[in-house]
Amino acid sequence: MSGHTDMVLVDENGMRIDGRTAEQHRPFKVEAGVLNNADGSAYVEIGKNKVLAAVYGPRECHPRHLQDPTKAIVQCKYNMQSFSVSDRKRPGPDRRSIEISKIISEALEKVVLTELYPRASIDVYIEILQANAGTRCAGLTAASVALADAGIPMRDIVPAIAAGKADGHVLLDLNKEEDNYGQADVPIAIIPSTDEIVLLQMDGNMTREEFDYGIKMAVAGCHELHELQKDALKRRYSKKAQEGSE
Ligand code: CDP
């Protein structure tokens, strides 16, 4: 988010460097149930981001001092693989991955019926296999499908996407160049049935009007992504039903 570059991010026709218009998101792909040994799993692509999520639980919470006698806790671990970025990333947790794990856990706690499982932990692992800006959104999108795939009761499935600003234009779903050299990045996640926002961060600056417009675009993008999340789960369960009847 440096805000100044010689690179043209939006041309005179309003076209972005990857050929999108301001309001277009990158191609989405959502698959549910991609791992055999986790209780639930999902694979998501948002453009060049490739993300796997795996869920275990509800299971007894360890360490025990984290247990809540009134509800389950959602413990998310977001991890960016060394090979996911162009410069090899030093393996292991850093400030950024701890922050992203925290905000994703908090977003998921808003939809999981945690009160059904006192003292339990629901463990969510997010692995970034390939990164191109927007990995926290792709990670949260995958995690909520993996939770549903694990059969964990939820109020809704959460989709997430970023809006932002580059070259003075408000844009949906920033790619890496737009994120690095643009003026603002605003990832959001919603509960689609109510349009409540469960994640909202902002890096950089926008006017109030630009912000409102960006949020409107991102909410629309979330609804599109939500349709694909539901389709992925339907495909998963129709396949299971077929296997069961054979
Ligand atoms: O991925 P997201 O946009 O949610 O988070 P960010 O902190 O805004 O990072 C933006 C992008 O920078 C990532 O998606 C990666 O493509 C890149 N990045 C990187 O190349 N190396 C890192 N250690 C961290 C981020």
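Predicted model: local features only at pLDDT ≥ 70, side-chain atom pairs only at ≥ 80, totals over all residues.
Residues are numbered from 1 along each chain as its sequence is written, and side-chain values use heavy atoms, with hydrogens and water left out.

Strand β4 (residues 73-80) and strand β5 (residues 120-130) run parallel and are joined by 8 bridges. From β4 the chain passes through helix α1 (residues 95-109) to reach β5, a β-α-β crossover that is left-handed. Helices (H or I, at least four residues) and strands (E, at least two) are DSSP runs, numbered from the N terminus. Two strands pair if DSSP finds at least two bridges between them. A crossover is right-handed if, with the strands pointing away from the viewer, the path from the first strand over the helix to the second runs clockwise.

**Salt bridges**

The whole structure holds 17 salt bridges (a side-chain nitrogen of Lys or Arg within 4 Å of a carboxyl oxygen of Asp or Glu). Here are three of them.

| Pair | N to O distance |
|---|---|
| Arg 26 and Asp 173 | 2.9 Å |
| Asp 94 and Lys 89 | 3.7 Å |
| Glu 210 and Lys 165 | 3.1 Å |

Arg 26 lies in the segment before β1 (28-32) and Asp 173 in the loop between β7 (169-172) and α3 (176-181), so their bridge ties together parts that are 147 residues apart in sequence. Arg 26 is buried at 4% relative accessibility, and Asp 173 is buried at 2%. Buried means under 20% relative accessible area, exposed over 50%, and partly exposed in between (1.4 Å probe, protein chains only).

In the next pair, Asp 94 is partly exposed at 30%, whereas Lys 89 is buried at 13%.

Glu 210 belongs to helix α4 (residues 208-245) and Lys 165 to strand β6 (residues 160-166), so this pair links parts that are 45 residues apart in sequence. Glu 210 is buried at 17%, and Lys 165 is buried at 13%. Elsewhere, salt bridges that share partners join Arg 16, Asp 18, Arg 20, Arg 26, Asp 173 and Glu 178 into one network.

**A look at Thr 135**

Thr 135 is found in helix α2 (residues 135-149) and is buried, with 4% relative accessibility. Its side chain makes polar contacts with the side chains of Tyr 78 (2.7 Å) and Arg 96 (3.5 Å). A polar contact is a pair of N or O atoms within 3.5 Å; within protein, one must be able to donate a hydrogen and the other to accept it, and residues adjacent in sequence count only if both atoms are side-chain atoms.

**The nonpolar cores**

A nonpolar core is a set of buried Ala, Val, Leu, Ile, Met, Phe, Trp, Tyr and Cys residues joined through side-chain atoms within 4.5 Å. The largest has 63 residues, and those with the most contacts inside it include Ile 104, Leu 140 and Ile 188. Helix α2 gives the most to this core, with 9 residues. Leaving out residues up to four places away in sequence, Ile 188 touches residues including Pro 159, Ile 161, Leu 199 and Cys 222, where contact means heavy atoms within 4.5 Å. A second, separate core of 5 residues includes Leu 9, Val 10, Leu 171 and Leu 174.
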